[in-house]
Amino acid sequence: MSDVVEKTLTALPGLFESQTGAAKITNRLRQLIKSITELTSKHEEENLIKRELSAIKEQVSSPNTTMKQMREIMVRAMYCEMLGYDASFTYIHAIKLAQQGGVLEKRVGYLAVSLFLNEGHELLLLLVNTVLKDLQSTNLIEVCMALTVVAQVFPKDMIPAVLPLVEDKLSHPKEIIRRKAVLALYKFYLIAPNQVQHIHAKFCKALSDKDPGVMASSLHIYLQLIRESPDSYKDLTGSFVTILKQVLGGKLPVDFNYHSVPAPWLQIQLLRILSLLGKEDQSTSELMYEVLDESLRRAEMNHNITYAILYECVKAVYTIHPKAELLEKAARCIGNFVLSPKINLKYLGLKALTYVVQHDAKLALQHQMTIIECLDHSDFTIKRETLELLFRITNAQNVTVIVEKMLDFLCYVPIKTLTFAPDNSWFIQTMNDVFSIGGDLLQQDDPNNFLRLLAEGKPEEDDQLRLYAVESYLTVLKGHTSHLPQCFLQVMSWVLGEYAHLQESVDRREVIRLLTQLLDQRSVSSETRVWILSALTKIPEGQTDLILDLAESLSSSQDTVLRQQAQELRHLSQDSQLREWVLVENSCAVDSSLSFLDGFVSEALAAGAAPYKPPHQRQEELSLNLEPYSFSLPVSLSSCSITDRQSPTLLSVSSGLSGNSAELSTLILEGVKRVWGKDGYLPQKEATAPPVDEPSAAVQPASQQEAAERIEPRPEPSTQNQDKQQLASSLFVGLGVGSSVSLVRKLFYDGFTASLRGNVMDCLEARSTSVCHYALLMDDPHTNVSLTGTVSYQTQPGHTNTLPFSGTLSTADFIRPLVVTTEEYGKLWLSLSHDVKQNLKLLTDAGDPLRTTLNALKDALQLHVVDIIGSEGIVACRLLSGAPCLLHCRVNGAALAMWLRSPHPALPDFILYHCQRALAHH
Amino acid sequence: MIKAILIFNNHGKPRLIRFYQYFAEDMQQQIIRETFHLVSKRDDNVCNFLEGGSLIGGSDYKLIYRHYATLYFVFCVDSSESELGILDLIQLICFVFGQVFVETLDKCFENVCELDLIFHMDKVHYILQEVVMGGMVLETNMNEIVAQVELQNRMEKSEGGLSGAPARAVSAVKNMNLPEIPRNINIGDINIKVPSLSPF
């Protein structure tokens with residue numbers, strides 16, 4: 001091909017010469033492409049591009065370069081980037097082109113921007129105004145371009161800036177604009193669902209748009225929405241069925257036909273939506289039987305795209321509530337797929353079977369022979385899919401055969417299959433095969449899962465398995481080890497380090513020798529060396545001479561990590577006390593809260609360091625400020641809390657709290673003395689308080705208990721304290737935002753108090769019952785947190801009973817009214833940095849909609865309505881002894897425009913969520 | 001979602017690269033190399049789907065590709081896309097290329113060759129933008145796509161034919177010279193033109 005290109009290109013100049021100035025510009029691009037196609041080596045390419053890039057650099061910085069030339073330069077830059085060379089100096093020019101040029105320049109500029117910049121790129125900020133301008137342009141093409149770039153690269157924090165304009169485009173007279181706007185909104189929904197919640201009604205309008213194209217693009221959104229919560233959209237089933245019927249009936253313009261199939265992609269989308277809606281729902285499924293039947297019948301023409309529809313249809317039939325007649329037809333279709341000589345269809349047939357066998361394993365039996373044939377197919381993809389199918393039909397009887405097949409072909413054995421393993425030796429042997437054949441191609445999870453399987457078993461039951469593993473690995477290591485994949489070596493060294501001691505007949509020296517041998521091999525990667533060294537560290541003491549030799553030889557290693565480990569190894573082997581302390585057998589205590597750093601952290605905080613924020617939060621704080629400058633006062637110190645831990649006492653209550661996100665410690669049990677408020681030292685409050693951190697006195701009751709003891713974890717302080725809390729909130733509000741002076745601390749005066757692992761609790765003793773109150777504070781809002789814990793108590797000395805308990809709490813449980821005056825509210829408002837705006841439903845069933853709505857919110861969420869002036873209302877609340885959140889509500893037509901502010905970046909979103917729910921349920 | 005569209009030739013030289021999910025520059029090149037490596041090994045008589053490439057996202061992703069003479073069209077998609085649907089989308093895009101670049105009425109990719117893609121990289125991107133937007137299929141109605149592209153082309157032509165010139169030049173070159181060139185150079189390369197569209 002390159003020959004042809006070259007020859008053709010040599011013929012080109014003649015043609016170009018007849019052109020005037022315009023052709024000269026393209027000369028450079030032509031030259032570039034021509035030279036690239038002539039290249040013979042990577043090295044030449046590098047040189048050429050380097051020269052090209054420096055030429056581009058020169059041109060872009062020259063003041064004589066016209067816009068037109070810039071366009072061509074941009075294309076050249078795109079070319080260089082496509083080949084993998086860095087042309088980042090042109091990025092800013094791409095933006096300039098989009099900002100300043102005419103339509104054609106804009107087009108290149110936007111294209112370059114969407115190719116060059118990713119969502120996190122800082123230069124995107126420069127584009128916001130241009131996009132805003134273009135969205136309002138009267139030129140269709142400009143609007144289209146702006147919508148495209150918005151959907152392509154705009155990050156979460158820039159969406160609010162363009163959202164209203166994009167929303168407006170939903171009612172644009174031109175279909176193409178509406179279509180693009182719908183997709184842009186869908187993209188917004190994917191990256192920031194909170195921000196587009198209020199336009200669901202408009203999506204609905206898009207669905208019923210008179211242009212089929214707009215309707216089709218709205219299906220993207222519905223597919224996603226329905227996937228997330230099928231129950232909320234059941235009422236739309238009828239509409240989707242009607243649409244599909246009309247499409248099938250040829251009601252769409254002929255334009256939409258593709259190979260004389262009406263709008264096939266639209267059909268595929270609709271079938272997917274229907275299958276989601278009909279899943280496990282008989283009455284909804286009944287609505288669609290007819291149209292599915294029709295679909296199956298229609299799709300008998302012999303073209304690729306009809307098979308695509310058929311496949312979706314079959315999947316739908318098997319997903320929804322079953323109907324015998326349809327199932328039969330679908331099964332026949334699957335048969336056609338599987339038996340088809342066309343390889344793509346065979347593949348889909350296998351895929352469909354894989355899906356279907358979960359519902360009906362018998363279907364696989366009918367096609368046994370084909371499946372076996374497919375196992376021997378020359379196409380890797382087909383084999384793989386067949387194995388996937390086999391994996392689904394694995395059971396205790398056929399596991400050995402299937403796993404053997406899997407190993408034969410691909411060494412692709414999901415660990416899960418092996419839960420059917422008939423016995424230990426087979427399992428370990430098979431795993432050995434998997435690791436040694438599959439080795440480093442395995443997914444990262446597989447070795448980890450395997451190790452977990454070994455580690456998590458009960459000592460008595462699984463010791464045999466472990467023992468077997470140790471034995472078999474020792475045998476493997478005695479053989480040739482140079483060909484073994486790294487991950488297998490890692491698994492082996494871990495197991496040997498951990499469990500070699502179980503096997504008494506094995507000489508420790510032998511184990512150490514084998515592992516050391518591995519270290520000497522060249523092929524062993526440095527990561528594996530680290531594993532091996534860790535294993536050596538774990539092997540019990542006694543072989544100091546061997547270890548010391550090893551440490552000595554490694555101390556000159558070039559790898560600093562290894563050197564470090566060798567050093568540790570030496571120290572540990574020489575100091576048995578230290579060793580015992582560090583390597584306690586069978587102890588696996590992980591202090592995930594990093595409590596040992598508390599001292600360090602509080603020192604650092606006292607010295608003026610900024611409190612730690614997780615990366616995502618930092619990101620959010622850096623987000624775009626769309627407010628005029630006057631509003632943005634310095635960001636106030638957000639609340640920080642340090643847990644102070646006491647050693648566990650007789651009455652031990654441990655609570656594990658896990659949020660619904662992956663973050664650590666969703667609830668921080670707060671109880672630290674806070675001596676510095678925003679306005680300085682706060683001695684007077686603390687000075688009079690009894691010593692909080694002395695648990696001993698408080699814990700006495702436990703030992704005195706004769707009968708069962710009941711402990712109630714309270715998500716909120718008991719009612720008697722609520723007035724106090726309100727008082728406290730009004731007292732402390734002046735102190736500013738960051739003041740998380742523990743409200744519960746005020747409860748100490750109410751008699752029996754105790755502090756436990758940072759909790760403030762309150763034990764009321766009465767004969768045989770003890771009631772403990774805990775204050776749980778939510779530091780980082782989450783929609784839900786689950787709370788688990790155990791209570792241990794002694795009915796007689798020496799007998800400890802344990803009761804587990806658990807519960808789920810939502811953010812709403814932690815919201816408290818914040819009583820402030822209008823002036824205080826105003827002050828506080830200005831000092832808060834994170835805000836969210838959204839339109840909410842207005843309850844219009846009573847005379848004063850604003851008041852009704854606010855009261856409804858107040859009842860549902862314990863908000864404090866500060867003031868209502870005309871069509872505006874201000875409301876305040878706070879997270880229980882945490883960050884405040886201020887709500888500014890304004891009646892805006894039939895909606896309530898709500899503006900929330902809080903020092904905590906995520907809090908407004910959650911409060912908004914609960915407000916929406918509260919109003920929806922009203 | 002479509003994660004990336006990659007077009008490269010039989011030697012693995014990228015002709016058009018469009019990512020809809022962010023990958024660092026060197027990662028992108030690695031993905032292109034790996035994809036080429038995976039795809040180029042496959043015969044023409046195996047299926048057009050590939051699963052489990054390790055670079056883009058792992059097991060949830062698949063590659064759906066078509067091979068036309070000197071070019072591979074590869075779509076990297078996640079599990080939510082219909083395989084056959086995407087396969088036909090590729091064909092549809094090629095039809096559009098055919099219509100736009102060759103201006104023939106047979107709506108066929110037959111006469112489009114690598115040269116068109118190389119010279120009109122920007123144009124190819126504009127066409128793609130009308131079909132796939134931010135990783136989502138925007139439009140599958142071919143007439144509509146062509147209409148949008150034509151609209152932009154008219155705008156360009158009215159400006160004085162900067163980009164129109166090479167298009168005309170290239171098609172002129174192709175019409176004049178190509179039939180002779182292969183005879184002089186290499187018989188094997190006659191295959192720039194695709195004999196038949198449907199591998200099915």
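1. Leu6(B) touches Leu16(B), Ile17(B), Phe19(B), Ile31(B), Ile32(B), Thr35(B), Tyr72(B), Phe73(B), Val74(B) and Cys76(B), with residues up to four places away in sequence left out of the list; contact here means heavy atoms within 4.5 Å. This is a predicted model, in which local features need pLDDT of at least 70 and side-chain atom pairs count only at pLDDT 80 or more, while totals for chains, interfaces and linings use all residues. Residues are numbered from 1 along each chain as its sequence is written, chains are lettered from A and ligands numbered from 1 in the order in which they are written, and side-chain values use heavy atoms, without hydrogens and water.

2. Leu6(B) is also among the residues with the most contacts inside the largest nonpolar core, which has 213 residues, and the others named with it are Val131(A), Tyr222(A), Phe240(A), Ile2(B) and Leu89(B). The largest share of this core, 13 residues, comes from helix H2 (residues 83–102) of chain B. A second, separate core of 42 residues includes Leu477(A), Cys487(A), Val511(A) and Ile512(A). A nonpolar core is a set of buried Ala, Val, Leu, Ile, Met, Phe, Trp, Tyr and Cys residues joined through side-chain atoms within 4.5 Å, and buried means under 20% relative accessible area, exposed over 50% and partly exposed in between (1.4 Å probe, protein chains only). Helices are DSSP runs of H or I with at least four residues, numbered from the N terminus.

3. Where does Val491(A) lie? Val491(A) belongs to helix H26 (residues 486–499) of chain A, and with a relative accessible area of 1% it is buried. Beyond its neighbours within four places in sequence, Val491(A) is in contact with Phe435(A), Pro447(A), Phe450(A), Leu451(A) and Tyr473(A). Of these, Phe450(A) is 41 residues from Val491(A) in sequence and 8.6 Å from it in space, C-alpha to C-alpha.

4. At the interface, 80 residues of chain A are in contact with 75 residues of chain B. The buried area, that is, the accessible area (1.4 Å probe) that two parts lose on being put together, summed over both, is about 7,300 Å² between chain A and chain B, and carbon and sulfur atoms give 64% of it. Across this interface the rule finds five salt bridges, a salt bridge being a side-chain nitrogen of Lys or Arg within 4 Å of a carboxyl oxygen of Asp or Glu. Helix H1 (residues 2–17) of chain A gives the most to the side of chain A that touches chain B, with ten residues.

5. Glu130(B) and Lys180(A) form a salt bridge in which the closest N and O atoms are 3.3 Å apart. Glu130(B) lies in helix H4 (residues 121–131) of chain B and Lys180(A) in helix H10 (residues 175–191) of chain A, so the pair joins two chains. Glu130(B) counts as buried at 5% relative accessibility, and Lys180(A) counts as buried at 1%.

6. Glu312(A) and Arg272(A) meet through their side chains in a salt bridge (3.1 Å, N to O). Because Glu312(A) lies in helix H16 (residues 304–319) and Arg272(A) in helix H14 (residues 264–278), both of chain A, the pair ties together parts that are 40 residues apart in sequence. Both Glu312(A) and Arg272(A) are buried.
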